[in-house]
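Hello,

Here is the structure I promised to pass on to you. Have a look at it first, and then read my notes below.

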Amino acid sequence: MVTSEFKLPDVGEGLTEAEIVEWHVAVGDVIKVNDPVCDIETAKSVVELPSPYAGVVQELLVEVGTEVQVGTPIIRIGDSVEASAPSPEASAPSAPSVEPASAASGVETNTVAPDDDKPLNLVGYGAREETAVRRSRSMSAPVAAAGSGVLAKPTARKAARDRGIDLSGVTPARADGVITTADLDSAGFDTGSFAPQEPGSTSGGGERREPIKGLRKQMGQAMVDSAFTLPHVTIWTTIDVTRTSELVAGLQANRDFAEVRVSPLLVVAKATLLAMRRTPIINSWWDEAAQEIVFKEYVNLGIAAATPRGLQVPNVKGADRMSLVELGAAINELTDTARTGKTPPADQTGGTFTITNIGPFGIDGGAPIINPGESAILSVGAIKRQPWIVGTGDDERIEPRDVCTLALSFDHRHIDGEAGSRFLADVAKIVADPSTALLF
């Protein structure tokens, strides 16, 4: 019987460790080369790992939620179903052997041997017609800690680990003896926001701790580096954006935008790109090491997106060369992917300017921190219906209008107040009256 261990690869990001987020296979599964076996979270993104081997899953060597170093074996794959039971001396978690109904003898193994000296190519590894079926099965597959005899779903095991719950003291409700998060709830353990109350505590609540790692750790360090190395200056303006609201409504009914979700953010993004033509220094970067200002002759427009795993800033490459329809589609695709936490590292690097849209949270405005490697960031606040003075002279009156605050933070080492103000004024002018875009 031939077995192979798949070691955590270098995914080409220059990182040395990653966390196992989710297993897509269970012990006993028959897999092919390039079938996805698990998701890992690095400091930059969540990445799906394909198997370099074909065969039968013998053992899952790492639990969900465990952080491991590159080169650590994470899964064992063999060439027979009979050998799928983990060895007694195994010290890592594994799932009980399952005899798959479709398992066939003579499964091809070691079809592709990975080169441990090279990063694993994660792009374009073929069709995965069985992925949905396998993922569905793996989500319900129990995982047993070695020697413990306790079976639990991965979600229940993670909840127990995070909250210090001993699973051996939990009685499963299911006939197969698998513990679920519902069993933790019924046993009086809180699987929500708080951990069990510490002994001696007199407060009514508890505490919950989360390790600082992965994407959140990288984001935190990047913000510290930016905040304390760049002299930030923030300016803002509040404007009547009723005409943009009307334009958005018209675009939503336009057949050219049938496949694009149109929002005011798209108009702000286009206005930003047009305003840069008059103030190109906004799209530059202070190279401290070389003592040079680097003017970018392209715009990779970053759109900050809040995800369950922290802030991500994917960017639209070459946004300045796109039509409005193309820009809208690109922003939709990037933000949809970012919300799943699976933005590829390539989409998070090389940004030249960022827009952060805090309006959906009901916030009027703020002073955002500049994304590392850039020199400015634009904040878009909530659009609210407010009384506004319109008209002039005898025609001056108060009307309800759509109002929004735009704020620009910039690196004051090379972008002075005049340049920053001119750029923000141009963006505001276009958003207030989109027809003025014809002048740029």
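Strands (E, at least two residues) and helices (H or I, at least four residues) are DSSP runs, numbered from the N terminus. Please keep in mind that this is a predicted model, in which local features need pLDDT of at least 70 and side-chain atom pairs count only at pLDDT 80 or more, while totals for chains, interfaces and linings use all residues. Residues are numbered from 1 along each chain as its sequence is written, and side-chain values use heavy atoms, with hydrogens and water left out.

**Two sheets**

In general, strands of a sheet pair through backbone hydrogen bonds, either parallel or antiparallel. Three bridges join β2 (residues 17-23) to β7 in the antiparallel sense, and Glu17 sits opposite Gln69 in β7.

Another open sheet of four antiparallel strands runs in the order β1-β8-β6-β3. Its edge strands, β1 (3-7) and β3 (30-31), each pair on one side only. β1 is linked to β8 (residues 73-78) by five antiparallel bridges, with Lys7 opposite Pro73 in β8.

**Helix α7**

Helix α7 (residues 324-339) has 16 residues and spans 23 Å from its first C-alpha to its last, close to the expected 22 Å (1.5 Å times one less than the number of residues). Its buried residues include Leu327, Ile331 and Leu334, where buried means under 20% relative accessible area, exposed over 50%, and partly exposed in between (1.4 Å probe, protein chains only). The buried residues of α7 pack against α6 (264-278), β15 (301-307), β16 (310-312) and β17 (315-316); contact means heavy atoms within 4.5 Å. After α7 comes Gly341, with a positive phi near 80°.

**Cysteines**

How many disulfides does the structure hold? There are zero, a disulfide being a pair of cysteine sulfur atoms within 2.5 Å. Cys38 counts as buried because its relative accessibility is 0%, and Cys404 is buried too, at 4%.

Enjoy exploring!

Definitions and conventions:
Two strands pair if DSSP finds at least two bridges between them.
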